[in-house]
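Thanks for sending this one over.

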Amino acid sequence: MMIELLLGVCLVGAVAIFLLPDRYSARLSFGISLLPIIGSLYMYATFDGVGNALLEGSTLAFETKVNWLSIGPYELFYHVGLDGVSMPLIVLTTILTTLAILSAWTPIDERQSQFYGLMLLMEASLIGVFAALDFFVWFVFWEAVLIPMYFLIGVWGGPRRKYAAIKFFVYTNVASLVMFVGFFLLVFGLGDSIQTLGLPAIAQALSAPGAVESIAGMPPNTVKAVAFFLMFAGFAVKVPVVPVHTWLPDAHVEAPTPVSVILAGVLLKMGTYALLRFNFTFLPEIAQQYALILVAFAVVSVIYGALLALAQQDLKRIVAYSSVSSMGYVILGLVAFTLYGLGGATFQMISHGLISGLLFLGVGVIYNTTHTRMVGDMSGLADRMPVTAGAIVAGSFAYMGLPLMSGFVAEFLVFSGSFSADFAYAPLLTAIAMFGIVIVAGYYLFAMQRTLFGQFSVSTDYEITRASAHDVVPLVVLIVLIIALGSVPEIVFDMIEGAIRPMTELTATQQADTGSEMLGLGVSFLGGVLL
Amino acid sequence: MSVATTIMTPTTLTASVSASNQPLQLGLGSYEGIAPMIVLGLTALALFTVDSVYPDSTNNTLLSGLTVVGSLIALVITGTQLVTGVESTELFSGQLVVDEMSLFFTFIFTSVTALIALASHEYIGDREYQGEYYALVVLAAIGMTLLANSNSFATAFISLELASLPSYALVAYLKDNRGSVEAGMKYFLIGALSSAVFAYGISLVYGVTGSLLFTDVAATLTEGIDGSLTGVLGIGVVMILGGVAFKTASVPFHFWAPEAYEGAPAPISAFLSSASKAAGFVLAFRIFITAFPADAIAGIDWVLAFQILALVTMTLGNFAAATQETVKRMLAYSSIGHAGYVLIALGALTGAADQSFVLSAGMIHLLVYGFMNTGAFLFVALAEHWGIGRTFEDYNGLAKKAPVACAAMSIFLFSLAGLPTGGGMLSKYFLLLGAVNAEAYVLAVGLIVNSALSLYFYSRVVKAMWIEEPASDLTIDGYPTGLYAAIVVAAVVTFLLLPALAIFSDPALTAGSGLF
């Protein structure tokens with residue numbers, strides 16, 4: 001019932017805000033958005049799920065399963081439920097939405113009721129994506145996310161907002177269609193062995209040897225590989241993976257700050273979450289077979305994304321391209337398919353959600369005051385805006401993977417996971433990917449030095465004042481969360497591990513059994529030494 | 001009784017034509033099955049009565065109200081039978097059949113009729129010939145309903161004409177409008193031509209099989225025909241296919257559609273592109289699946305023909321829609337595109353997979369389309385009522401003045417594009433699923449490409465309404481109750497068809513499997 005309650009609050013709240021006049025909407029939507037936070041934190045505290053939602057022997061938390069409709073040979077269900085991967089993502093969604101709503105109070109000054117209503121609609125769709133366990137329910141939410149996002153970019157965005165909105169819209173819609181065909185190729189390959197489109201049923205049917213039959217003359221393994229790469233192509237757009245990342249900089253740069261936060265913080269995770277659920281849980285053996293190709297995508301995303309970021313002058317573009325780089329690490333961790341690789345990838349989803357949210361918010365606060373985002377247009381802001389500057393410094397360090405911050409834990413896990421992975425040249429490829437961090441450090445240090453420190457000057461004619469409280473609060477909350485996850489990663493990683501461990505047992509390669517206590521100890525120790 | 005006679009007359013005639021030896025079977029229980037048609041017939045008579053008592057009346061409310069009430073009663077009867085389920089019954093010596101399929105389509109026709117009658121209240125305002133307008137709408141609806149019940153080529157042809165003839169007049173209803181008259185003329189000429197082609201096709205099939213009843217034709221074909229007649233039969237099948245293509249506005253008989261939909265009064269465009277198209281499809285389903293089963297008619301590969309038609313129709317419709325400057329014409333071409341999508345239901349009957357599934361997917365798409373497309377055309381009717389112009393730019397900033405109507409229009413357009421604001425998403429993806437399942441990968445790729453393109457041009461309207469700034473002189477006068485009510489109802493139903501599609505998908509599945 002809890003998931004329906006979250007969805008219901010968001011939807012009813014959205015409708016109420018659409019109908020009420022503009023002057024109430026900012027505060028009211030903030031108030032309404034606190035309810036899902038309370039709900040999701042309560043769910044987090046009372047979470048009793050065991051195992052991976054898609055695999056055998058799991059117990060789902062907050063599960064609901066009702067008949068929806070039947071289509072052809074398949075029964076469709078309204079089926080939602082949470083496991084250790086989806087639970088943290090839902091908490092991330094609720095928290096980031098509220099912070100984004102707070103950060104919208106300053107910049108959004110027209111058509112407020114529509115803006116805040118759409119934000120809540122988006123929250124509902126995102127919660128649905130992470131909670132749904134039946135294909136069509138999931139797909140409805142997956143596509144539903146596009147609609148509020150289209151309007152949020154198109155109406156409240158920057159100068160090229162119309163182009164960015166339609167590009168995002170069409171690009172990701174085509175991706176969904178491609179993914180859809182891939183998914184159903186796999187389902188039809190399963191033949192009569194499944195009667196539902198429930199993701200758990202499909203995953204479990206696929207784990208039986210010889211489950212997939214040949215289709216249209218393609219042998220079973222080809223069917224699987226084609227399905228894998230069609231789905232991968234579909235999800236890669238959302239992640240995004242180079243070379244299908246080109247919608248991202250446009251969408252991020254043109255979107256208003258609060259929307260960028262959701263876009264980078266949660267929307268990109270839809271792609272990696274779906275990769276984890278579909279490609280890597282359904283077809284781990286195909287993932288291993290083509291590991292080198294997939295790792296190549298990951299490494300290219302990491303390095304190329306970082307190099308693109310290095311070339312930017314616009315602060316928002318820097319953060320946007322560095323997201324491409326960071327999501328490359330998630331792919332790397334997924335392909336590694338070790339406990340730390342998969343766990344680290346999931347942890348990186350949460351961590352990157354917080355860090356990129358923090359940086360977009362920080363840049364947004366600077367833009368609200370200076371009305372420019374160009375690195376060359378300002379310097380020495382730290383004097384006038386100490387808290388904001390501090391937040392950006394904190395966010396940058398988190399991105400670089402400074403110990404005791406969540407970015408360090410995530411990247412540490414991913415690298416240790418992929419170092420010991422099975423695919424060829426694993427250590428070498430991991431080392432190349434690690435080089436991305438050096439570039440990250442390069443461009444963030446460069447950008448910070450130019451904008452925040454040195455002699456104060458701004459090329460636009462606006463008075464530079466301290467940010468108001470409702471702009472600062474989200475920054476502080478995010479810094480606290482980043483540090484909390486960085487110093488005590490177990491609060492999230494234990495839950496993630498519960499859902500990831502059954503996945504690693506899918507393949508023959510068993511991991512050495514190392515508990516997360518070890519990890520926590522190691523992280524704290526390393527952090528202490530470095531400090 | 002007099003009403004029943006009016007309905008019976010054409011069918012009684014054809015019963016004797018079809019060389020059937022059985023006496024007419026018409027028990028009391030049979031009326032139940034054709035009750036919706038009887039109610040529609042009574043409505044038409046009531047409209048004629050009102051019109052003859054007050055020939056110059058412009059009491060629009062009475063006429064529109066009568067039509068709405070009549071079609072709603074028919075709708076409720078149909079809906080009840082559909083939900084409770086019916087036995088497949090043959091009436092009039094097998095000339096008509098009442099089954100889930102006929103009820104499903106009658107449901108579409110009566111809903112669309114009710115919606116457009118409601119919307120016409122303000123749209124035709126105080127023009128002349130109102131009685132005729134509503135009566136013709138109801139008569140066309142009877143024709144479509146009869147078409148859904150047809151079980152022989154004779155009834156099919158007569159009901160096709162009954163559906164088409166009023167439509168020609170309705171398209172040309174705006175007599176002082178050049179576009180409307182021209183569209184009516186064009187529609188009539190192409191309609192007459194394709195009717196002739198259709199009738200000639202029927203005569204060839206009759207010549208080969210010796211029967212007009214769909215089931216008898218199928219039985220004869222299954223037994224096997226003289227090899228020298230295969231060619232004649234083939235020409236007959238192709239000609240019948242042409243008649244179907246005309247009614248569904250598919251390539252190659254689609255030329256009338258953009259003109260007719262653009263020139264006609266917008267509620268009539270909605271009627272033609274939703275209900276009339278669905279009528280064409282039910283005819284196609286019955287003829288090609290019941291009368292020409294693919295395995296019995298081995299020499300003539302109509303499945304392949306429908307695959308080609310589907311691909312060409314959806315591609316042509318969508319690519320043409322993407323280049324239009326006026327919203328109504330864009331919707332007209334998009335309607336051709338959707339005809340192409342539904343043709344997948346026939347093109348995917350390759351025997352590679354569960355056949356009834358893709359057929360019911362097509363039916364579900366027609367149902368949802370009946371609401372979302374009608375709604376979209378009614379929004380155009382609203383814009384025409386306000387006189388704000390026809391191009392995309394004329395809609396700029398409309399959401400500031402009429403947010404409710406624009407929200408409804410966005411629901412329609414996104415649902416047409418296959419996004420989850422309505423049942424259009426599910427039905428479109430069911431068709432894609434059906435194409436993949438039937439291993440018709442070319443159709444699947446075609447659907448993907450077209451779907452992506454369609455999102456672009458549908459969202460142009462949304463962009464104009466919500467994102468663009470309004471022209472400084474954009475004013476709208478009043479919020480017409482009937483039009484608004486029709487649009488909002490269509491929007492609510494379109495949306496509800498997403499979570500509550502099960503109500504209709506189950507009958508559609510039953511109906512689909514009933515044909516095989």
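1. Let me begin with Ser457(A), which counts as exposed because it has 10 C-beta neighbours inside 10 Å, and the cut-off for that label is 12 or fewer. Please keep in mind that this is a predicted model. Ser457(A) sits in strand β4 of chain A, residues 457-458. Beyond its neighbours within four places in sequence, Ser457(A) is in contact with Met378(A), Ser379(A) and Gly380(A). Leu481(A) is 24 residues away from Ser457(A) along the chain, and 32 Å separate their C-alpha atoms.

2. Stepping back to the whole of chain A, the secondary structure comes to 22 helices and four strands. The C-alpha trace spans about 70 × 55 × 40 Å along its principal axes. A compact globule of 531 residues would have a radius of gyration near 24 Å, and the 22 Å of chain A agrees with that. Of the 531 residues in chain A, 62% count as buried. Among contacts in chain A with a separation of 6 or more, 78% join residues 24 or more positions apart.

3. For annotation, an unreviewed UniProt entry places the feature "domain: NADH:quinone oxidoreductase/Mrp antiporter transmembrane" at residues 133-428 of chain A. In the model, that stretch is 77% helix and 1% strand, and its end C-alpha atoms are 37 Å apart.

4. Where they meet, 42 residues of domain 1 of chain A are in contact with 41 residues of domain 2 of chain A. On the domain 1 side, the elements giving two or more residues are α3 (86-103), α10 and α11 of chain A. Helix α11(A) supplies the largest share of that side, 12 residues. By type, the residues on the domain 1 side are 28 nonpolar, 12 polar and two charged.

5. Helix α10 of chain A (residues 247-254) deserves a look of its own. How many of its eight residues are buried? The count is eight of eight, so the helix is mostly covered. The buried residues of α10(A) include Trp247(A), Asp250(A), His252(A) and Glu254(A). Among the elements that cover them are α6, α7, α11 (257-282) and α14 (315-336) of chain A.

6. Now for the two chains together: 28 residues of chain A are in contact with 29 residues of chain B. On the chain A side, the elements that give two or more residues are β1 (61-71), α5 (135-144), α6 (146-156) and α7 (161-190). Helix α7(A) gives the most to this side, with 13 residues. The chain A side divides into 22 nonpolar, four polar and two charged residues.

7. Finally, the largest nonpolar core has 425 residues, and Ile344(B) and Leu378(B) have the most contacts inside it. Helix α14 of chain B (residues 355-386) gives the most to this core, with 21 residues. Domain 1 and domain 2 of chain A both give residues to the core, so it lies between them. As for Leu378(B), the residues it touches, leaving out those up to four places away in sequence, include Leu115(B), Ala119(B), Pro267(B), Leu483(B) and Ile487(B).

Notes:
Residues numbered from 1 in each chain as written. Chains lettered and ligands numbered in written order. Predicted model: local features only at pLDDT ≥ 70, side-chain atom pairs only at ≥ 80, totals over all residues. Buried ≥ 20, exposed ≤ 12 C-beta atoms within 10 Å, placed from the backbone. Contact = placed C-beta atoms within 7 Å. Nonpolar A, V, L, I, M, F, W, Y, C, P; charged D, E, K, R; others polar. Core = buried A, V, L, I, M, F, W, Y, C linked by C-beta atoms within 7 Å. Domains from an automatic or database assignment. Rg over C-alpha atoms; globule rule 2.2 N^0.38 Å. UniProt positions renumbered as here; feature names shortened; annotations may be inferred.
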